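Trainee: Could we go through this model together, one question at a time, so that I can learn how to describe how helices pack and how chains meet?

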Amino acid sequence: MQSFWRRFLNNPRVVLSLVWLTFIVAVAVAAPLLAPSSPFAIVAKPFSPPFGEFLLGTDSLGRSLLAGLIHGARTSLLIAILATLAAVAFGTCVGAIAGFYGGVIDDLLMRVSEFFQTIPSFIFAIVLVAILAPSGTSLVIAIATVSWPPIARVVRGEVLTIKAREFVQAAIVAGQRDMPILVGQVLPNALSPLIVTGSLLVANAILIESALSFLGLGAPDLMSWGFQIGAGRAFLRDAWWLVTVPGVAILLTVLAINLVGEGLNDALNPRLRDL
Amino acid sequence: MGSARLWRYVFRRLLQAIPVVLGVVVLNFLLLQLAPGDAATVLAGEAGGAPAEYVQALRQRFGLDKPVPVQLALYVKNILALDLGYSFRNQSPVLPLILARLSATLLLMGTTLVLSLGIGVLLGLLAAVWVRSWKDHLISVAAIIAYAMPLFWIGLMLILLFAIKLDWLPTSGMEDAAAFYEGWERVVDIARHLILPAVTLSLFYMALYARLMRATMLEQRGLDYVTTARAKGLSERQITLRHVLRNALMPVVTVAGVQVGSLLGGSVVVESVFAWPGLGQLAFQALFARDLNLLLGIFFISSCLVVTINIVVDVVYVLLDPRVRVG
């Protein structure tokens, strides 16, 4: 375990990414303190330039760009994390059951997850949010619905190999029931690939959430980075920073999560590192 | 391979596609049940101002007074007969609306596929050849960044740079409608409009393929057949180009096939940024008009499109790699 942390934190990319993510999480948690008024509140005349009264200026309706960014961090992270947790929970169940029981159940569940990987998932997410009416909950549902299949496949693969190991066979012989074996013996050993895949899913969830919000399918009462870009796009010619700055926030956050995910992978599978 | 066997393979793949298409129809039906109000108002385009008699006729036709399984059967029957309903917003049946947009989307997707595969494979190859040099690192860093950028934002940034600041390329649309270009001039005009959307959509996949290509090249290079080739006295260049490259390409082609669905989703976003008149922009418009039925139609047709392209990719794959058995 100690060598894991050494390998993980010896990577400068990982350290930089962790610094950025800590910052973003802190901003998201402290959003009501950092920007007490609503991010939708009109605070100044429209299009006031950056570095004036407001650090990043105001948008086309006179809303503070910085306050929007701060509250946007909260929205993006919250929705991405909730959606990922839901996808991981569901995907783990499906993958574990498929891998553990095999046979017809496995076939059926894997067909279903293949189906969800075949259909154009972003269009499916659009349809889902449009039908459920845009809100935080429907964003979480839509993102989770299109994100679980990779988790299911990873967990299934792990369960298949772990199931054949002696300690699991011993547990079966000892007469343990299926559920305690799955939860107590098999899944803990499948944790590391699950963590890597899950962390990459958070990045993907942020991208989906921002794209949906950009298209106007975001939660109407929650400020988000994608919404800011969508609101600013019509004024690209004269106020390019309204689009650029939230985009940089998304880029850095997604990049940092991807790098941490890769770092986790390298640290957990040191032999594959040179590939 | 005998052509009879190939046809049998195509036939089998088509059979395998049936459950997927049926699944999408059932999914659409379930989505209709989720929508607020009864299905007939949704089918008629919700706030679309459909006449009351039409909504009533729809109720009859979809058997909305009957039990749910009967409704499902009727729905499946209607969709499989390619009756996707009528869009009152657009004053047109849904199917021709969608088909009219298909070619623009296919043009964008095709260009993206060629661009991202071509450049991605090349970059991955170069990175593997230059492994652990600064050039390799440069390619890897660029790929990681491209991988993390939201598509719509790349598009807007490219518009800002190349269309607004530099004024080299048009900001949106597929052609300059006011110019009435014909023949070759029209092709050039469309190509100029195509550059930014295609580059926007390509960057992500380029990064994906470059990273994958680099990894598989490095993996292949350690295998026995490379040692054999080296022992035979082939130059590194010959080994890379003639042996390693070919074997490393296959996983990339496989992944490219799997990515078709996501490519189509990406084109929705890119089309709405560039006002590219394809399926994606139609979806965007349907979204704004709350025309759920049109949206469901687009979802259905685009799923069918993905399934078709997957089959085509599989067949191409079999033709490319004689080792793949189609039994």
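Trainee: At what angle do the axes of helix H7 and helix H8 of chain B cross?

Mentor: Keep in mind that this is a predicted model. Two packed helices are described by the angle between their axes and the distance between the axes. Helix H7 of chain B covers residues 151-165 and helix H8 of chain B covers residues 184-221. Their axes come within 9 Å, and the crossing angle is roughly 140°.

Trainee: Which word describes how H7(B) and H8(B) lie to each other?

Mentor: Angles over 145 degrees would count as roughly antiparallel, and those from 65 to 115 as roughly perpendicular. The axes of H7(B) and H8(B) cross at roughly 140°, and the two helices are therefore oblique to each other.

Trainee: Which class has eleven residues in the contact of H7(B) with H8(B)?

Mentor: H7(B) contributes residues including Leu151(B), Ile154(B) and Phe162(B), which meet residues of H8(B), among them Leu196(B), Val199(B) and Phe204(B). By class, this contact has no charged residues and two polar ones, while the class with eleven is nonpolar.

Trainee: What is the handedness of the crossing of H5(B) and H8(B)?

Mentor: Helix H5 of chain B spans residues 94-129, and its axis comes within 6 Å of that of H8(B), with a crossing angle of roughly 35°. The handedness of this crossing is right-handed. The contact of H5(B) with H8(B) holds 23 nonpolar, six polar and two charged residues. To return to what you asked, the crossing is right-handed.

Trainee: Which helix gives the most residues to the side of chain B that touches chain A?

Mentor: The contact takes 42 residues from chain B and 32 residues from chain A. The elements that give two or more residues to the side of chain B include helix H1 (3-34), helix H6 (134-148) and helix H13 (292-320) of chain B. With ten residues, the helix that gives the most is H13(B).

Trainee: How many residues on the side of chain B that touches chain A are charged?

Mentor: The residues on that side divide by class, with 33 of them nonpolar and eight polar. The number that are charged is one.

Trainee: Is His243(B) buried, partly exposed or exposed?

Mentor: His243(B) has its place in helix H10 (residues 236-258) of chain B, and it touches Tyr225(B), Val226(B) and Ala229(B), not counting residues up to four places away in sequence. A buried residue needs 20 or more C-beta neighbours within 10 Å, and an exposed one has 12 or fewer. Because His243(B) has 18 C-beta neighbours inside 10 Å, it counts as partly exposed.

Note on methods:
Residues numbered from 1 in each chain as written. Chains lettered and ligands numbered in written order. Predicted model: local features only at pLDDT ≥ 70, side-chain atom pairs only at ≥ 80, totals over all residues. Axes fitted to C-alpha atoms, helices over the stretch in contact; angles between N-to-C directions. Helix = DSSP H or I, 4+ residues; strand = E, 2+ residues; numbered from the N terminus. Parallel < 35°, antiparallel > 145°, perpendicular 65-115°, else oblique. Contact = placed C-beta atoms within 7 Å. Nonpolar A, V, L, I, M, F, W, Y, C, P; charged D, E, K, R; others polar. Left-handed = near helix turned anticlockwise from the far one by under 90°.
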